[in-house]
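Reader: I want to learn how to read a model like this one. Where do we begin?

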Amino acid sequence: MYYLFILAVAAERLVELVVSRRNTRWSMAHGGREFGRGHYPVMVAMHTLLLVSCVVEVWGWHRPFIAWLGWPMVAVVVLSTVVRWWCVATLGKHWNPRLIVIPNAPLIQGGPYRWIHHPNYTAVIAEVAALPLVHSAWVTAIVFSVANALVLTVRIRTENTALGYHGPAPSPAG
């Protein structure tokens with residue numbers, strides 16, 4: 001069942017890429033400028049390798065499903081996915097895993113952005129840690145949580161600079 005769960009997460013990521021491509025075309029047609037092109041492929045690779053590593057660790061090291069850990073982690077993954085899609089819905093055409101800024105576009109301050117500066121990234125942090133732990137793949141959870149922290153440090157710094165962020169206002173991406 002875990003492998004099907006990973007497959008479902010992969011399918012969801014493919015849907016995100018379709019939405020991203022559509023939103024990229026719209027943003028660029030409206031004067032959007034992309035920032036952080038160098039770290040975007042790293043993010044894509046990291047998330048792809050996360051899914052592969054989840055499968056490899058569970059299969060190769062015969063990681064067991066431990067109910068008291070696995071079921072709460074399933075809940076964290078599902079909740080983080082709900083929060084991420086809430087971000088997508090709130091940002092509408094402005095949502096993109098690429099960092100595209102449209103000049104003079106207002107910052108989105110509704111939805112989860114009214115409470116937290118980077119709700120999408122917060123959800124991704126939870127998901128990256130929880131997804132491997134659904135089936136006790138703790139090595140993957142640790143390695144990719146550290147990798148994700150490094151990538152997000154660069155990403156958030158780049159995003160804040162691109163947006164001219166200097167205060168507590170919510171971000172239109174992430």
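Author: We begin with exposure. A residue is buried under 20% relative accessible area, exposed over 50%, and partly exposed in between. This is a predicted model. Take Val146: its relative accessibility is 49%, so Val146 counts as partly exposed.

Reader: Where is Val146 found in the chain?

Author: In helix α5, which covers residues 138-163.

Reader: Which residues make a nonpolar surface patch with Val146?

Author: Trp138, Ile142 and Leu150.

Reader: Which feature does UniProt place at residues 137-156?

Author: An unreviewed UniProt entry places "transmembrane region" there, and also at residues 41-59 and 66-86. Such annotations may be inferred rather than shown by experiment.

Reader: How do I set that record against the model?

Author: Look at the secondary structure and the end-to-end span. Residues 137-156 are 95% helix and 0% strand, with the end C-alpha atoms 27 Å apart. Residues 66-86 are also 95% helix and 0% strand, and their end C-alpha atoms lie 30 Å apart.

Reader: Now charges. What is the general idea?

Author: Side chains of opposite charge can pair when their charged atoms come close.

Reader: How many salt bridges does the structure hold?

Author: It holds 10 salt bridges. Start with Glu16 and Arg84. Their closest N and O atoms are 1.8 Å apart. This pair links distant parts of the chain: Glu16 sits in helix α1 (residues 2-29) and Arg84 in helix α3 (residues 67-91), 68 residues apart.

Reader: Are Glu16 and Arg84 buried or exposed?

Author: Both Glu16 and Arg84 are buried.

Reader: What is the N to O distance between Glu12 and Arg13?

Author: The closest N and O atoms of that salt bridge are 2.5 Å apart. Glu12 and Arg13 are both buried.

Reader: Which residues are linked in a network of salt bridges?

Author: Glu12, Arg13, Glu16, Arg84 and Glu127.

Reader: On to rings. How do I tell one pair geometry from another?

Author: Use the angle between the planes. Under 30 degrees counts as stacked, over 60 as edge-to-face, and the rest as tilted.

Reader: How many aromatic pairs does the count come to?

Author: The count comes to 3 aromatic pairs. One of them is Tyr2 with Tyr3, a tilted pair with 6.4 Å between centres and 55° between the planes. Tyr2 has 6% relative accessibility, so Tyr2 counts as buried. Tyr3 has 38%, so Tyr3 counts as partly exposed.

Reader: What is the geometry of the pair Phe65 and Trp71?

Author: Edge-to-face, at 5.4 Å centre to centre and 75° between the planes. Phe65 is partly exposed because its relative accessibility is 35%. Trp71 is exposed because its relative accessible area is 57%.

Reader: Which charged residue lies over the face of Trp115?

Author: Arg114 does, at 4.5 Å from the ring centre.

Note on methods
Residues are numbered from 1 along each chain as its sequence is written. This is a predicted model: local features need pLDDT of at least 70, side-chain atom pairs count only at pLDDT 80 or more; totals for chains, interfaces and linings use all residues. Side-chain values use heavy atoms; hydrogens and water are left out. Patches are made of residues with over 30% relative accessible area and no salt bridge: like charges are joined within 9 Å, nonpolar side chains (Val, Leu, Ile, Met, Phe, Trp, Tyr) within 5 Å. Accessible areas come from the Shrake-Rupley method with a 1.4 Å probe; for residues, only the protein chains shown count as cover. A salt bridge is a side-chain nitrogen of Lys or Arg within 4 Å of a carboxyl oxygen of Asp or Glu. Helices (H or I, at least four residues) and strands (E, at least two) are DSSP runs, numbered from the N terminus. Buried means under 20% relative accessible area, exposed over 50%, partly exposed in between (1.4 Å probe, protein chains only). Rings of Phe, Tyr and Trp (its six-membered ring) pair if their centres lie within 6.5 Å; planes under 30 degrees apart count as stacked, over 60 as edge-to-face and the rest as tilted. A charge sits over a ring if NZ of Lys or CZ of Arg is within 6 Å of the ring centre and within 35 degrees of the ring normal.
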